[in-house]
Amino acid sequence: MTDRPAPARTALAVLATTREVLDRPELTEALLADWELRRLARIRLPGRRDDVLAARLLVRLCVARYTGRTPAESAPAQFCAECERSGHGRPSLPGHPGVGVSLSHADGLAAAAVGPGAVGVDVEPAGRRPGPLRVLRRMLPEAELREAAAQPDPGAAQLRLWVRREALLKAGQDDVRLREWTDRQRAAVAAVAATAPVTVFTLGPTDGAAN
């Protein structure tokens, strides 16, 4: 992956396994801010810690590609308007008030997205199945759940609905473009909600555009 900027009116999303991220020599814990390191220190499960670390490093790599900066210069900020404290809440990109940024992680996977306007990204293992129907009904329209139930694999259809909804929630609005895809190599389902069109990249021995 090069560090040239993406087109100004195009959002950029990246999906990778946790190991793919952590194996990149330019992405280390030294890039993280003190508050991020404190958050990592509170995570007791090594696998979950790695996932969180990978997501926070991957978003830097995504921003670096978008802006042309280095990963060290591409740290997102987080601020919670409700409690007026930093360190949590919706991520933002300092110095770029019109640019949205988002990250996600789940069981050995990480995803990140950045672009003009609202942006939200979510990723889940393709084999995961969402919670019980009573929980899904709190998050998803009944009509969509009925349609999913009629599919050959209802659980997989429900998972796609869940990932889309999470991406929309992270974007903070529903009137945005929604792109969902399955990465079979990484056994992942992901979705990006964005104001702008989205270009999706994956990481690996040769970085490139996803199909």
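Modeller: Ser102 sits in strand β4, where helices (H or I, at least four residues) and strands (E, at least two) are DSSP runs numbered from the N terminus. The model is predicted, so local features need a pLDDT of at least 70 and side-chain atom pairs count only at pLDDT 80 or more, while totals for chains, interfaces and linings use all residues. Residues are numbered from 1 along each chain as its sequence is written, and side-chain values use heavy atoms, with hydrogens and water left out.

With a relative accessibility of 4%, Ser102 counts as buried, because buried means under 20% relative accessible area, exposed over 50% and partly exposed in between (1.4 Å probe, protein chains only). A polar atom of the Ser102 side chain lies 3.1 Å from the backbone nitrogen of Val121. Such a polar contact is a pair of N or O atoms within 3.5 Å; within protein, one must be able to donate a hydrogen and the other to accept it, and residues adjacent in sequence count only if both atoms are side-chain atoms. Neighbours within four places in sequence aside, Ser102 is in contact (heavy atoms within 4.5 Å) with Val59, Ala111, Ala112, Ala113, Val119, Gly120, Val121 and Lys170.

On a 1 Å grid over the protein atoms alone, a pocket is an open set of points where a 1.4 Å probe fits, with protein on both sides within 12 Å along at least five of seven lines, and lining residues have an atom within 4 Å of a point. Of the 21 lining residues, Arg39, Leu103, Ser104, His105 and Lys170 are the closest to the pocket centre. Two or more lining residues come from each of α3, β3 (85–92), β4 (99–105) and α6 (154–171). By type, the lining has six nonpolar, six polar and nine charged residues; here Ala, Val, Leu, Ile, Met, Phe, Trp, Tyr, Cys and Pro count as nonpolar, Asp, Glu, Lys and Arg as charged, and the others, Gly among them, as polar.

Next comes the nonpolar core (a set of buried Ala, Val, Leu, Ile, Met, Phe, Trp, Tyr and Cys residues joined through side-chain atoms within 4.5 Å). The largest one has 30 residues, and Val21, Leu57, Leu58, Val114 and Leu203 have the most contacts inside it. At least two residues of this core come from each of β1 (11–17), α1 (18–22), α3, β4 and β5 (109–116). Helix α3 gives the most, 11 residues. Apart from this core lies another, of 16 residues, including Leu15, Val119, Ala194 and Val198.

The loop between β4 and β5 holds Asp107. Asp107 is exposed, at 53% relative accessibility, and its phi is near 45 degrees, a positive value in a residue other than glycine. Most residues other than glycine have a negative phi.

Ser74 lies in the loop between α3 (46–67) and β2 (77–80) and is buried, with a relative accessible area of 1%. The Ser74 side chain reaches the backbone oxygen of Thr70 at 2.7 Å.
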